[in-house]
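I open my notebook here.

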Amino acid sequence: MNAIELNNLHKSFGELKAVDGVSFAVLEGEIFSLLGPNGAGKTTTISMLSTLLRPDDGDALVLGHSIRKEPMKVKEALGVVPQDIALYEDLSARENLVFWGKMYGLRGAPLKKRVDEVLETIGLTDRQNGRVGKFSGGMKRRVNIGVALLHKPKVIYMDEPTVGIDPQSRRSILDSVVALKNHGMTVLYTTHNMEEAQELSDHIAIMDHGKVIAEGTHDELVRLVGQSDRITLTLNIESARVIDLWRATPGVQNVTAENGSLTLLVDDSNLILPRLFEITALNGVRITSVEIQVPNLETVFLHLTGRALRD
Amino acid sequence: MKTLDIALKDLTRSMRSTFAVIFMFGVPLLVTGMFYFMFGNIAGDDGGFDLPVTRVMIVNLDQGSPDLQLGSSMLGQSAAQPVDNLGAIIVNVLQSEGFADLLKVTIAADAGSARAAVDENNADTAIIIPPDFSTQFTSLNTQSAQSVLELYANPEKTLELAVVQSILEQFMDGMSGAKIAASVAANHISGTDYALIGQVVQKYLAAASQRTADPQTYLTVKSVTEVENPNRMLAIIGPIMAGMMIFYAFYTGMTTSETILREDEEGTLPRLFTTPTSHTTILTGKFLAVGLTVLVQVVVLIIAARFIFRIQWGNSFYVALIALGTVLAASSFGIFANSLIKSSKQGGIIYGGVLTVTGMLGMIKIFTLSVPNTSPMMETVSLLVPQGWAIQGFLQNTVSAPSTDVLLTFAVLIVWSIVFFSIGAWRFHRRFA
């Protein structure tokens, strides 16, 4: 069953089409990543799903509730971890959790019990009375996530939760995302980090310029570019003969020259590479650098847009 | 319930900010305190005026006059011998018990040592009575004969000089009066009937000398609290405290309302909007927080001023009413002003400008309190801003103005509040819809 369904969502800011007909579905209990560069429309999509922004057109259902017609039901059903830390820095971790718990309708003993549980989950029981403003970036991120867990939502949105933190805190957050999934939550995760999407996601939608340009599992997306490995080489001298011989080599699909380097799409780099060295040596040419890239989401994005994901 | 949660959260945050607490409570009390101690130090604890004791060095070189035979009993002395020396009378008067709190009199041997004592700061003033002092006095030639005293003083000791000068001038006035009396008597009686003329002069001098011995006759020194209004110092401090309180209440209203903008920029307001809490509840909570914060400030300041500065605010009910009007006006003014601002970055400049201009306009009434014949136009100008009405309300209370006047002021404050709040709330709702 779908936890989230987006149907042709549109949102423009003036002339800019931030989200342009986005549709996808997120299954219950899975981690679904929205992958794309900055400005692709990920946060605008999340903002509409959080009912912060009203779509110009289209609709979305969260656990069967329309974001247009039943925004309060949608809010009750989901937890939101915003991209920037949204906490009161002059309140303690516990005071923050108590306040946000009240905003989710929790009161009295159940609130206290739940705050204790969340503090335990995010590993800040010992620091619960410390002011958030004095916390490290990683600790703030953990409280930021903790707030979204207070009312035990079935769906949680996490908007680039690992931006600007140290590797240790990043690891901790990624582990906690997997833990949420293991507890049966549906996680909609936005990132521009290919490795995160690759590691966490059951399904991935790649966004660019407000549109979903590809969607599927990691393997399905990689198949979009064929299973080709990508070899980038540079030679000590230009040699048209070597390029022609490489093109004629079985297993080499394509050879392109750009900015002094040669890019080859090949079936299996392990088998082809020795043959490439042999051809260059026989023709008195020397390979000065080699870079091998097996297909990944970066390759997919490059293949689909002609740009690198980090551009 | 959520509205109250939001308001209490904001109130807690405000009270945890050292900067906010200083501006809410510290600065208004501090500024008023400065004025209080300025006037309070002059008035002293008992409201009395504490003059410094003046060190006077006297040299009496007067050789007396045989024509002057004053009965010593009439001068309040026990000596049996008549006194023929006016200089001695002056010394006697200045050494009397009546001036003991004001003057410390020392007799010098000669004029030079007396002047030297002043130069070396061993005395504040020196009085040098010349040898012919009495002779000149008894001369009936009013055209040429004059008794002259030399008063030598340290120019920095202005207050001490003024005290001694005041006493001597009074004494000399008495002497002059006696001389005039003698001249008149000489013109009406036989010019050779010295005994009768002497009696006239003696009676006059006796009366004058006895008056001189009473310092109150010569130094009419009243403390600030005794002038015209027995509650004069409080009459000054009360309006200043009211002005400071109102100025900073509006400042608090402005800065507390700014949290709406700051929370929007910091992401906590958008996050609140993702919780199952309506926009109306959230904004009402924020508005309530502004009102509660200003309320706490005004109540604390009113009570603190009552105990620290002993300010009599007036009838409690009407004070509460005007305080409520002030809280509502300050809060709604802050909400209104912030609703016109795009970001908190604009706030600093705009708050400074708006609060200074409106605050100063409102306080014209206080600035002109001690200025006689102030143009009524000035009062009208101060009522162009809500601060002016709030100040008027507190001033009306302190002078026990008719209740209808206070109620009218309260009503106007409520109207200001409704207008500001309506515009501000409407704009914020539209912004976050």
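I began with A:Val62, which touches A:Ile4, A:Leu49, A:Ile67, A:Val74, A:Ala77, A:Leu78 and A:Val155, leaving aside residues up to four places away in sequence. Contact here means C-beta atoms, placed from the backbone, within 7 Å.

I noted that this is a predicted model, where local features need pLDDT of at least 70, side-chain atom pairs count only at pLDDT 80 or more, and totals for chains, interfaces and linings use all residues. Residues are numbered from 1 along each chain as its sequence is written, while chains are lettered from A and ligands numbered from 1 in the order in which they are written.

Next I looked up the largest nonpolar core. It has 141 residues, and A:Val62 and A:Ile156 touch the most other members. Such a core is a set of buried Ala, Val, Leu, Ile, Met, Phe, Trp, Tyr and Cys residues joined through C-beta atoms within 7 Å. Buried means that 20 or more other C-beta atoms lie within 10 Å of a residue's own, these atoms being placed from the backbone. Helix 9 (residues 232–266) of chain B gives the most to this core, with 15 residues. Helices are DSSP runs (H or I, at least four residues), numbered from the N terminus.

Then I checked a helix pair. A:Phe99, A:Lys102 and A:Met103 in helix 3 of chain A meet B:Lys2, B:Asp5 and B:Lys9 in helix 1 of chain B.

Last, I turned to chain B. I found 17 helices and 4 strands (E runs of at least two residues). Of its 433 residues, 40% count as buried.

Terms used: Buried ≥ 20, exposed ≤ 12 C-beta atoms within 10 Å, placed from the backbone. Contact = placed C-beta atoms within 7 Å.
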